[in-house]
Amino acid sequence: MWTLIPGVQSYEWGVPGGAPNSLVADFAESTPELHFQREANKPYAELWMGTHPNVPSRVIQPDGSQVSLNDILRNDHSLLGSNIVEKFGVDNSCGALPFLFKVLSINKALSIQAHPDKALAEQLHQQKPAMYKDDNHKPEMAIAIQAFEGFCGFRPVKEVRDFVTRVPELRTVLRADEVMDKRLQEAVDAQSRGDEKEACVRDTIKLVFGALMRADPQVYEPAVSSLAGRYERGADEVSEEVRALIVRLNQQYPKDVGVLCTFFLNVVHLERGQAMFLGADEPHAYLSGHILECMAASDNVVRAGLTPKARDVEVLVDMLTYESKDAAAQRLDAPVWDGDSQKGTVIYNPPIPEFAVLLTTLAPGARSEHRALHGPSIIIATEGSGTYTVNGKKAEVHTGRVFFVEANQALQITAGVSGLIVARAFVEVA
Ligand code: ZN
């Protein structure tokens with residue numbers, strides 16, 4: 001077990017250091033060895049914990065010196081565990097670890113995007129290597145540490161139909177006509193009969209969303225402005241939530257086509273401890289709040305909106321799964337983990353091999369016993385304080401402090417007087 005020095009990334013969508021809730025800056029200050037200097041006007045967006053070559057975490061050795069975690073793991077494979085080295089090697093795009101663990105503080109929406117699956121990533125990398133720099137899929141998982149909202153997946157088709165029927169600016173941009181209305185109605189009927197797997201629902205959402213993505217800026221820019229203006233003045237053909245979100249997104253990205261994606265994508269709200277997994281080819285965007293994010297293997301992004309960057313429209317419209325379901329269905333369950341003999345831990349285990357996350361929540365003075373994991377892990381305290389014990393060695397922890405725990409070591413966690421919440425990202429091979 002080692003104390004880690006994480007890295008801090010400043011992007012314009014982060015939370016300024018002077019704001020009351022700049023969690024990434026707060027966490028960064030927990031590691032004095034980072035020599036972090038908070039600036040009131042600088043936005044702090046991400047805390048990186050791992051071996052990614054852009055910002056590899058450093059390890060504090062017993063004598064106080066610092067070494068790159070990546071170098072340590074590449075020199076001593078036993079810390080990763082033989083199964084992990086065999087399956088993932090020690091030279092992933094995230095470094096020696098197959099995953100990167102982060103804390104994100106989101107003040108302003110990030111671009112609406114999707115990540116190509118493995119087969120498409122290979123094709124895109126071959127055809128457009130400047131835009132798609134590797135040939136991997138990029139799975140992502142978000143776990144809220146405070147209230148979070150994001151876009152994830154397509155709305156039930158009835159909601160899309162109702163917006164297309166009611167919102168005149170949307171009709172203009174989509175060039176909606178009786179034919180489109182009829183197709184939407186047929187898709188609503190198909191979904192309400194329960195055969196939502198039917199191609200009709202997907203094809204219809206693809207047709208209508210494709211019309212939005214292909215719209216001409218000369219058409220959608222004035223439409224977005226006029227729509228946001230009407231909603232600021234209180235037009236009420238849609239819910240208060242949709243209205244407020246459209247006004248806010250238009251303030252952040254004026255006249256951007258992504259503002260109109262609000263009519264297509266689910267708005268997912270996560271409370272602390274709730275999570276969502278972003279599978280291949282699912283459209284998503286982080287809108288606001290604070291999360292832990294675990295990701296793997298790639299930088300491939302295809303953007304749909306809320307961005308000044310290029311949109312690869314035809315690739316995007318073709319790649320999406322067009323699965324349509326309600327917002328609650330986008331959440332990832334977190335069952336109690338059977339590896340904690342005290343039952344104080346839940347596991348977020350998405351359907352990919354590169355990572356899973358444990359979340360242990362302890363009342364004051366309570367204890368948790370994690371069985372030895374057969375792979376490496378990174379652990380951060382998100383609230384409270386206490387101690388970790390590994391192999392007879394004890395370390396004090398408090399909010400924001402980050403540790404690396406090597407493979408095949410049991411971990412005991414004891415909460416201090418104010419309780420303790422810790423999140424532990426790990427990889428294990430069955
Ligand atoms: Zn993403």
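This is a predicted model: local features need pLDDT of at least 70, side-chain atom pairs count only at pLDDT 80 or more; totals for chains, interfaces and linings use all residues.

Student: Which exposed residues does the face of α4 turned away from its buried side carry?

Tutor: Residues are numbered from 1 along each chain as its sequence is written, and side-chain values use heavy atoms, with hydrogens and water left out. Buried means under 20% relative accessible area, exposed over 50%, and partly exposed in between (1.4 Å probe, protein chains only). Helices (H or I, at least four residues) and strands (E, at least two) are DSSP runs, numbered from the N terminus. The face of α4 turned away from its buried side carries the exposed residues Ala 119 and Gln 126.

Student: Which residues of α4 are buried, and why do they line one face of the helix?

Tutor: An α-helix has 3.6 residues a turn, so residues three or four places apart point the same way. In α4 the buried residues are Leu 120, Ala 121 and Leu 124. Seen down the axis of α4, they fall within an arc of 100°, so they line one face of the helix; the arc is that of the directions from the helix axis to the C-beta atoms. These buried residues pack against α11 (313-319).

Student: Which residues are the protein donors of the zinc ion?

Tutor: Donors are N, O and S atoms within 2.8 Å of the metal (3.2 Å for Na, K and Ca); water is not among the atoms, so sites may look incomplete. Here Gln 113 (OE1), His 115 (NE2), Glu 140 (OE) and His 284 (NE2) lie 2.1 to 2.3 Å from the zinc ion. Their spacing in sequence is Q-x1-H-x24-E-x143-H. Distant parts of the chain are linked by the pair His 115, in the loop between β9 (112-114) and α4 (118-127), and His 284, in strand β13 (residues 284-296), 169 residues apart.

Student: Why is the arrangement of the four donor atoms irregular?

Tutor: Four donors count as tetrahedral if all angles lie between 85 and 135 degrees; four count as square planar and six as octahedral if opposite donors are over 155 degrees apart and all others between 65 and 115; anything else is irregular. The four donor atoms around the zinc ion subtend angles of 89 to 163°, which makes the arrangement irregular.

Student: Are His 115 and His 284 buried or exposed?

Tutor: His 115 is buried, its relative accessible area being 0%. His 284 also counts as buried, at 2% relative accessibility.

Student: With which residues is Cys 152 in contact, leaving aside its neighbours within four places in sequence?

Tutor: Contact means heavy atoms within 4.5 Å. With those neighbours left aside, Cys 152 is in contact with Asn 266, Val 268, Met 276, Leu 278, Pro 283, His 284 and Gln 330. Cys 152 lies in strand β10 (residues 140-154) and is buried, at 2% relative accessibility.

Student: What radius of gyration does the protein chain have?

Tutor: The radius of gyration is taken over C-alpha atoms, and the globule rule is 2.2 Å times the number of residues to the power 0.38. A compact globule of 430 residues would have a value near 22 Å; the protein chain has 23 Å, which agrees. The chain has eleven helices and 22 strands, and buried residues make up 59% of its 430 residues.
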